[in-house]
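These are my comments on the model you sent.

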Amino acid sequence: MIPMTPTDAGHAVDAVAPTALDHILWGVFPYVVLAVLVGGLVWRYRYDKFGWTTRSSQLYESRLLRIASPMFHFGLLVVIIGHVAGLLIPKSWTEAMGVTEDMYHFMALSLGTVAGVCTLGGIVLLIWRRRTNGPVFSATTVNDKVMYLVLVMAILAGLATTLLSAGADLTGGHGHDYRETVSVWFRSIWILRPDVAAMAASTFAFKLHVMVGLTLFMLFPFTRLVHAFSAPVQYPFRPYVVYRTRDQHPNRSERVVRRGWEG
Amino acid sequence: MATPSASGRRIGKVMAQVAMVMNLDKCIGCHTCSVTCKQAWTNRSGMEYVWFNNVETRPGQGYPRRYEDQEKWEGGWVRTPGGKLKLKAGGRLKKLATIFANPKMPAIQDYYEPWTYDYENLIKAPLSDDMPVARPRSLISGEPMNVTWSANWDDDLGGGEELGRQDPIVQKLGEQVRFSFEETFMFYLPRICEHCLNPSCVASCPSGAMYKRAEDGIVLVDQDKCRGWRMCVTGCPYKKVYFNHKTGKAEKCTLCYPRIEVGMPTVCSETCVGRLRYLGVILYDVDRVGEAATVEDEHDLYPAQLDVFLDPNDPEVQEAARRDGIPDRWIDSAKRSPVYALAKKYKVALPLHPEYRTMPMVWYIPPLSPVVDTLTKTGHDGEDAGNLFGAIDALRIPVEYLAELFTAGDTAPVDSVLRKLAAMRSYMRRINLGEERDESLAEAVGMSGTDIEDMYRLLAIAKYDERYVIPTAYGVDDADRGVIEEIGCSLDFEGGPGMGGMGGPVPFGEASGRPDAASVETFHALKTRQTSDGRSDLKGRVNLLNWDGNGKPDGLFPPSDNGAAPDEKEKP
């Protein structure tokens, strides 16, 4: 299914048999994360619709936010598109489309670096704002702090993999081709046959990034990150003025009121 | 489907709206409406700066500061050269593109930074030569602060010319508006949400959480669907949608819908000492709203909106209303509506800033008092029709100012209203003095003596059940059977006090989980305060209006340096 022994000597892929730890990390953990993410979102939506918000702090401070927040979010959107392209589209497809390895590599690294740096710069500015602005800091919960820590780690690890690849390119070598390891593993998760060996063959930087990323997904339903799932994509397609009737039970006034003593 | 009305125009879909009129001549600026509204709805943390109802002195900057400057805040709608309506702050795609940081949102300083006083210092300060003082502390950051602005900083023209000159309308009218004591004029403008027919806040909401209720036209925010994108704050040109900075959700005046539904007036109306508020149903043709909001000339917006209102006494209107599912008792109520009478029959009520093109539904009877005051100050008889008519013509500045507020700058309708009010004054004085009725006074303003007397009854006598004609949301029979009261027990929600619980700790901070109904929270805060000897547990909320300075509620002040909670140290 995947090249266990890379024929290309330039690739620094170490073919080793997956250990028990590998199986736990790349075979079991993804499903735990998936269960927590989906279950958590459903639970949060049912239990806590009221708490499902961006918890914006713009009212307190908007000068810094105006620069940092779009920088972070737009950077992140590009990063997400990059991840989708890199993880979901098999290498053979892009090659079939005539995109050579070098072209793809150049695109991914340049765009990835720019977007990654924007994202990191944005989040650093946002955290700095959060720490130094009194009102914003006092509106910060422990939950937020943990989330920021994992988020920044995920971004740093991701950027590290990109920069390592770019560095390898600049010194004339070849970076690790995640499209033959991480991407293969990622796609295999969804057909319920996790290719642990593929992921195990990846480098430490990628493994770290994936681990932190999975942790972040696990935190998603329980932090302010949930607001990402309510991105208002339907807004351009609805009429401007929304009308709603008073309640869902038009005969509510006729509903029999249960007496306290009726148990 | 559409039936032609008496005027020959086809009646589209009929909808009902509970609307308000305020008679500004009777407003003494006592702020009772603001205070009772705040006590009922917004005395929660995160809402300290929120005034669903506020009373502004005009000329003045209003609340938030200079909210009428739409070149800056970009609220409301604009008409494109092509004759379409567009949100002034930009269309849907621009909204989505700027969703990560709203470029046109007022900061807390544009309202004011809420504060409290360090009262405890008054009794806990060590002995010294100086009198201890209660220093102001910010309710946002908890730090000591200097109070430099608040909701009514320029109340009663406080701050004089320096602040008054920053009123956007004064700036528009230029140097003609005088602020010297002898030459100035002043009146009060109470404001709530306009519950517009064409609400730009609703149109701005990316989540679709804001909506206009089909039954009564009340504009509400679904707290469970609001995601805190803050676009509604920008969209509303009246700046009457507020962002609760603790829960991260938008909140706004609800027209006290739980009261309206059972036929009671809003809290602000009920407690108004001047009895200047009127509540009633308006039937309108919803298919014509868009057309009326898009008329080219801003001066035509007021008559266009009047045209959208339907005459509830017209049998064809009644038929169309029944066709569209409006209950008969609502149609009957609309016939007796004081709002319809003042706005459309007598034409003495005017919309606030029709040029925002939102079709506002809280209307105002402009005050005659600046004119009367000037007359009496100069030694003239302020109730003589001739004097009054002359003065309305001569005193252009108050009239132009009022026109900027109510008719997009067109002085003719304001003139006409003031003349009617003046005619009523003179006509009724003759009756009071036992003189003969002078029909010519009424005719001079295009009314009849009977009309004048009816209007006088509505405006001056202002009986409770004539001021507030509100049909219940439920059947009248239901009300008689007491069913409404039973479903209305607001304490009986799941996990609520009526069900034996006060709600436990919640995992995502105080804003998460199912919220207490605001009235429940207030009820408990008050009850605890009134019935306990010790310090009451306000459930971690700082309720300023209930707080008598006793103890330090959690979250009011930052924790002390030695780490011990202040309360623990103080225990004997």
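**Notes on the two-chain model**

1. This is a predicted model, and the points below should be read as such. Across the interface of chain A and chain B there is one salt bridge by the rule applied. The pair is Arg244(A) with Asp222(B), whose closest N and O atoms are 2.9 Å apart.

2. Polar contacts between chain A and chain B come to 24 residue pairs, with both residues at pLDDT 80 or more. On the side of chain A that touches chain B, α1 (20-47), α2 (63-88), α5 (134-138) and β1 (243-244) of chain A each supply at least two residues. The most comes from α2(A), which gives seven residues. By residue class, that side of chain A divides into 23 nonpolar, 15 polar and 11 charged.

3. How much area is buried between chain A and chain B? The figure is about 5400 Å², and carbon and sulfur atoms give 59% of this. Phe50(A), Leu59(A) and Arg246(A) supply 18% of what chain A buries against chain B, more than any other three residues. In residue terms, the contact draws 49 residues from chain A and 67 residues from chain B.

4. The pairing between the chains can be followed by residue. β1(A) and strand β10 (residues 210-213) of chain B run parallel and are joined by two bridges. Within β10(B), Lys212(B) is the bridge partner of Tyr243(A), and Arg213(B) is the bridge partner of Arg244(A).

5. Strand β3 (residues 14-23) of chain B runs parallel to strand β16 (residues 362-365) of chain B, and four bridges join them. In that pairing, Asn23(B) is opposite Ile365(B) of β16(B).

6. Over all chains the structure holds 35 salt bridges. One of them joins the side chains of Asp118(B) and Arg137(B), at 3.5 Å from N to O. Asp118(B) is in the loop between β7 (115-117) and α5 (120-124) of chain B, and Arg137(B) is in strand β8 (residues 136-138) of chain B, so this pair ties together parts 19 residues apart in sequence.

7. Which residues of chain A carry the UniProt annotation "transmembrane region"? The entry, which is unreviewed, assigns it to residues 24-43, 64-86, 106-128, 148-168 and 196-220 of chain A. Two of these stretches can be set against the model. Residues 64-86 of chain A are 100% helix and 0% strand, with end C-alpha atoms 32 Å apart. Residues 148-168 of chain A are likewise 100% helix and 0% strand, and here the end C-alpha atoms are 30 Å apart.

Conventions: Residues numbered from 1 in each chain as written. Chains lettered and ligands numbered in written order. Predicted model: local features only at pLDDT ≥ 70, side-chain atom pairs only at ≥ 80, totals over all residues. Heavy atoms only, no water. Contact = heavy atoms within 4.5 Å. Buried area = accessible area lost by both parts, 1.4 Å probe. Salt bridge = Lys/Arg side-chain N within 4 Å of Asp/Glu carboxyl O. Polar contact = N/O pair within 3.5 Å; in protein donor to acceptor, adjacent residues only side chain to side chain. Nonpolar A, V, L, I, M, F, W, Y, C, P; charged D, E, K, R; others polar. Pairing = 2+ DSSP bridges. UniProt positions renumbered as here; feature names shortened; annotations may be inferred.
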